[in-house]
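Subject: Structure handover

Hello,

Here is the structure I promised to pass on. My notes on it follow below; please read them with the model open.

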Amino acid sequence: MPVPSSGFLSLGLSDKLTATLTALGYEEPTPVQREAIPLMLAQHDLLAQAATGTGKTAAFALPIIQLIGGDAAAGPRSKERTALTVKAMVLVPTRELAMQVSEAIHKYARGTGLCVVPLYGGSSMQQQIRSLERGADVVVATPGRALDHLRRKTMNLDAVRVLVLDEADEMLDMGFAEDIETILDETPDTRQTALFSATMPARILKIAERHLQKPRRLAIAREKTAAGKMPRVRQVAYIVRRSEKPAALDRILEMEDPASAIVFCRTRLEVDTLTETLNAHGYRAEALHGGMEQRQRDAVMNRVRAGKADLLIATDVAARGLDIEQITHIVNYDVPAAPESYVHRIGRTGRAGRAGTAITLAEPREHRLLRSIEQLTKQKIDVATVPTVADLKARRLEVTRASIRERLLAGDLDDVRGVVQALANEFDLFDVAAAAIKMLDATTDADAEIETEIEKEPARPSRGSGLSSPVRLFIGAGRKAKIGPGDLVGAITGEAGVTAKSVGAIEIGDNFSIVEVSEDVADDVIRAMKGASLRGKKVTVRRDRDPRQA
Ligand code: ADP
Ligand code: MG
């Protein structure tokens, strides 16, 4: 086994950057990184072609950081920054990419004091100007917004040493060719220029001919996956006792936070039971199994494809041949008895070079089954421990940190600056920020005691509600948001204009509530509550899925 990240060191990257990459879990450079990084560090112009998802961002971001002085010894370099003058610029086609690439550079530049600023339309110009005035080492900009700043003279490219065009084909397709030429003309001829693209149409070569000097070219062939070969999927197994599986799954799902996932069960009954449990825990889970009519199954798949469900809970047979785009996680609620069916299942994620994760919950005695799967696939399944409450807390804080950062990058904070100012007169700014984070964290602090919640479940109104045709409504806020029955009745009668007589049994869980209302007012209540807020927050309101129809 190679020493982790030795691959990055041998490309000429500093110890510091290599250590950061190891900490991020990057073990080896990807092919485009292996080729591009040494060329960029040697300050060659570069024309690089590689498919989406092959790690092009790091291929230019790491050399930029090293070249413009993100070296460990120098420490924070704010004193060297000159207002409005940038040292490196990355042009990207869209606002989303501007945020994503700048976030990536920030992550790679951890501890170097290097300052990266995203510039894109639709966020406050004033905020961006303030950031530029403070001095930005790297800007990541859409061409349109970069031009805006150049025209207003709020950005100066005279000192640019490295310029990267990311997703160059996309930028040309979006009609940015002229803007790009104008921006390039504002930078010194001595700059280093690199162009990254998934495809290399003639129009790109023309730009390269005009603006790149003796460029090195590299093209990474798409990796061919042999027929029947396994996709690149992170494979993890958790050893848990049967009775602990629901709680373990809750924690794992919270930790992994899948964008879309399929959970495989062995039996129809298990599919139904698990779907109900997960829905009661606030997920939007849909069941799919062979016991359902085709019409029902189509309806489920439509909801899944439309993004109206977070989780699809399915048996092997029902999910056979399903083609769902962008499944990020496959969960095996049990180890499949046949290793082939494991291969089948996890083939549904990690498609088209995207990252995928396969999670398996195995009972202690099923360890042996895992081994035989490893033998068949010739791939290792890592055995991990179920996240602890402390792990989840750390993860939530990390999410809070990331969303605060996103909020900062998005700017547009002028309306609340007054509050900060007022508090700053009395308190240390650091403490003010810490208090704000604490409050934010408290509102997102879900499921701290998952086991107890599972014991409470099924927390469904069991006694008669007194309503002749009751409908259960799911409301996405509960005890943790300090919701009491009075809040719910008050909001429903106040907002929807129905009388308290139309409201039946109320059940308040930690993170959600179930309220029974009369069928004839259900739609009015949902409509009214959608526009309203509970305890100052917008909440989800919908009909609760009837567990008997699962
Ligand atoms: P591209 O720009 O080529 O489409 P990205 O730069 O967005 O691809 O990278 C795709 C994903 O791969 C990102 O999540 C990134 O963090 C990850 N990644 C990049 N390089 C490596 C590496 N050497 N090891 C592991 N993951 C990597
Ligand atoms: Mg990219």
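Gln 235 stands opposite Ala 358 in strand 13. This pair belongs to the contact between strand 8 (residues 233-239) and strand 13 (residues 356-362), which run parallel and are joined by seven bridges. Strands here are DSSP runs of E with at least two residues, helices are runs of H or I with at least four residues, and both are numbered from the N terminus. Two strands count as paired if DSSP finds at least two bridges between them.

Before the rest, a word on the basis. This is a predicted model, in which local features need pLDDT of at least 70 and side-chain atom pairs count only at pLDDT 80 or more, while totals for chains, interfaces and linings use all residues. Residues are numbered from 1 along each chain as its sequence is written, chains are lettered from A and ligands numbered from 1 in the order in which they are written, and side-chain values use heavy atoms, with hydrogens and water left out.

Strand 8 also pairs with strand 14 (residues 382-384), in the parallel sense and over three bridges. There, Val 236 stands opposite Asp 382. Five of the seven residues of strand 8 are buried, so the strand is largely enclosed by the rest of the structure. Buried means under 20% relative accessible area, exposed means over 50%, and partly exposed is in between (1.4 Å probe, protein chains only).

Seven strands form an open sheet with parallel pairing, in the order 10-11-9-12-13-8-14. Strand 10 (285-288) and strand 14 stand at the edges with a single partner strand each, so one side of each has no neighbour in the sheet. From one strand to the next, the twist averages 25 degrees. Angles run from 0 to 180 degrees between N-to-C directions, and axes are lines fitted to C-alpha atoms, for helices over the stretch in contact.

At the strand 10 end, four bridges join strand 10 to strand 11 (residues 311-315), and the two run parallel. Glu 286 stands opposite Leu 312 in strand 11. Helix 13 (residues 294-305) packs on the sheet and touches strand 10 and strand 11, its direction making about 145 degrees with that of strand 10. Helix 15 (residues 339-346) also packs on the sheet, touching strand 8, strand 9 (261-265), strand 12 (329-332) and strand 13; its direction makes about 155 degrees with that of strand 12. Contact means heavy atoms within 4.5 Å.

Strand 11 is joined to strand 9 as well, in parallel and by five bridges. Phe 264 stands opposite Ala 314 in strand 11.

Individual residues

Glu 254 lies in helix 11 (residues 245-256). Its relative accessible area is 17%, so Glu 254 counts as buried. The side chains of Glu 254 and Arg 396 are joined by a polar contact of 2.8 Å. A polar contact is a pair of N or O atoms within 3.5 Å; within protein, one must be able to donate a hydrogen and the other to accept it, and residues adjacent in sequence count only if both atoms are side-chain atoms.

No disulfides (pairs of cysteine sulfur atoms within 2.5 Å) turn up in a search of the whole structure. Cys 265 is buried at 0% relative accessibility, and Cys 115 is partly exposed at 22%.

Most residues other than glycine have a negative phi. Leu 84 has a positive phi of about 70 degrees although it is not a glycine, and is found in the loop between helix 4 (56-67) and strand 2 (88-91).

Confidence

The protein averages a pLDDT of 82, and 87% of the residues score at least 70. Over residues 71-78 the pLDDT is below 50. The pLDDT is the predictor's confidence in each residue, from 0 to 100. Residues 224-230 also stay under 50. Where pLDDT is low, the predicted coordinates should not be read in detail.

Regards
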